[in-house]
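User: I'm new to this model and would like to know what the labels rest on. Could you take me through them?

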Amino acid sequence: MNDEYNQLKEYIEQSEKTVAVTGAGISYLYGMRRLKQSVGRLNAGRIFSAQYIRKNPEKFYEIMKSSFLDAAFVKGPSAVHKQLAKLEKQGKIYGIVTQNLDCLHTIAGSENVAEFQGSFRDNICIECSNRCYDYQIWNQGHMPRCEKCGAPMMPTGFCMNSDIRESVSRENMRKAIDMIAKADLIIVIGTTGFRSDEYLSRMSPNAKLVQVNPSVTEFDRISDLNIHADAAEVFKAILNE
């Protein structure tokens, strides 16, 4: 194990509250598609309207399936998702802050997860606004339907009602900020810093920041340790797998 890996392992062993921050890199490199690759940049707003979903529920489901659901439910969590879940179970990670919608951290077994953009765990009926907090409704092979009125469901993070979407976003970001504020070690993995100005604003001045990312990002200039390597290999070494 090289010096950088040893340093990170030492940081984790010494930490009382480690929070991992994950981004698109750990999902897209694993096979998750960017939404705009599936629907096109100009079509996204139209497709995520209640009117479109009402008229084309199964087509909407197929878009979600090709963009997210197959990677989540067929291929399943990556090595990194599983390694982070293992570290949480060992008490070495307090929780995870993620920009990802795919629920792969939860599927892998992580329990304390703040999804600040929302996810398929939090859904809303397009007609009666009934909420359902269960990602498994997207793992039934068809468009999920509201238990109360039978209308299609959609993730609140995609909801076109700005009041609902912004309320959910604030709630999720509050959870993320609270986790970051309690951390004495923050490990950013596979993210270039989307909305990092919001959650890192509450980072303790005494906390250490480590980046694990093959690419150079904005974190390079502020991290105590930069490891430009594949995260799965890094955590494999740390876990002695």
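Analyst: Let's begin with pairing: two strands pair if DSSP finds at least two bridges between them. Strands (E, at least two residues) and helices (H or I, at least four) are DSSP runs, numbered from the N terminus. The model is predicted, with local features needing pLDDT of at least 70 and side-chain atom pairs 80 or more, while totals for chains, interfaces and linings use all residues. Residues are numbered from 1 along each chain as its sequence is written, and side-chain values use heavy atoms, leaving out hydrogens and water.

User: What makes strand 1 and strand 7 a pair?

Analyst: Five bridges join strand 1 to strand 7 (residues 185–189), and the rule asks for at least two, so they pair. The two run parallel; V19, for instance, has I186 as its bridge partner in strand 7. Strand 1 also pairs with strand 2 (residues 95–98), in the parallel sense over four bridges, and there T22 is partnered by T98.

User: Why is strand 1 called largely enclosed?

Analyst: Buried means under 20% relative accessible area, exposed over 50%, and partly exposed in between (1.4 Å probe, protein chains only). Five of the five residues of strand 1 (residues 18–22) are buried, so the rest of the structure largely encloses the strand. T18, A20 and T22 point one way and V19 and V21 the other, and all are buried.

User: What makes strand 5 and strand 6 edge strands?

Analyst: They belong to an open sheet of three strands in the order 5-4-6, with antiparallel pairing. Strand 5 (131–132) and strand 6 (153–155) each pair on one side only. Strand 4 (residues 123–125) is joined to strand 6 by three bridges, and I124 has M154 as its bridge partner there.

User: How many disulfides are there, and how do you know?

Analyst: Zero, by this rule. A disulfide is a pair of cysteine sulfur atoms within 2.5 Å. The sulfur of C125 is 3.5 Å from the closest cysteine sulfur, in C149, so that is too far for a bond. C132 is in no disulfide either, as the nearest cysteine sulfur, that of C146, is 8.7 Å away.

User: Is C125 buried or exposed, and what about C132?

Analyst: C125 counts as buried because its relative accessibility is 3%. C132 has a relative accessible area of 22%, so it is partly exposed.

User: Which residues touch the most other members of the largest nonpolar core?

Analyst: A nonpolar core is a set of buried Ala, Val, Leu, Ile, Met, Phe, Trp, Tyr and Cys residues joined through side-chain atoms within 4.5 Å. The largest one has 26 residues, and F60, M64, F120, W138, M154 and F158 touch the most other members. Helix 6 (57–75) gives the largest share of this core, six residues. Apart from it lies another core of 25 residues, I12, A20, I93 and A232 among them.

User: How many cavities are there, and what lines the largest cavity?

Analyst: On a 1 Å grid over the protein atoms alone, a cavity is a set of points where a 1.4 Å probe fits but cannot get out, and lining residues have an atom within 4 Å of a point. The count comes to one cavity of 30 Å³ or more. F68, L69, A72, F73, D102 and F120 line the largest cavity, whose volume is about 30 Å³.

Notes. 1 Å grid on protein atoms, 1.4 Å probe; cavity = no way out; pocket = protein on both sides within 12 Å on 5 of 7 lines; lining within 4 Å. Points joined across faces, edges and corners; volume = space filled by probe spheres on them.
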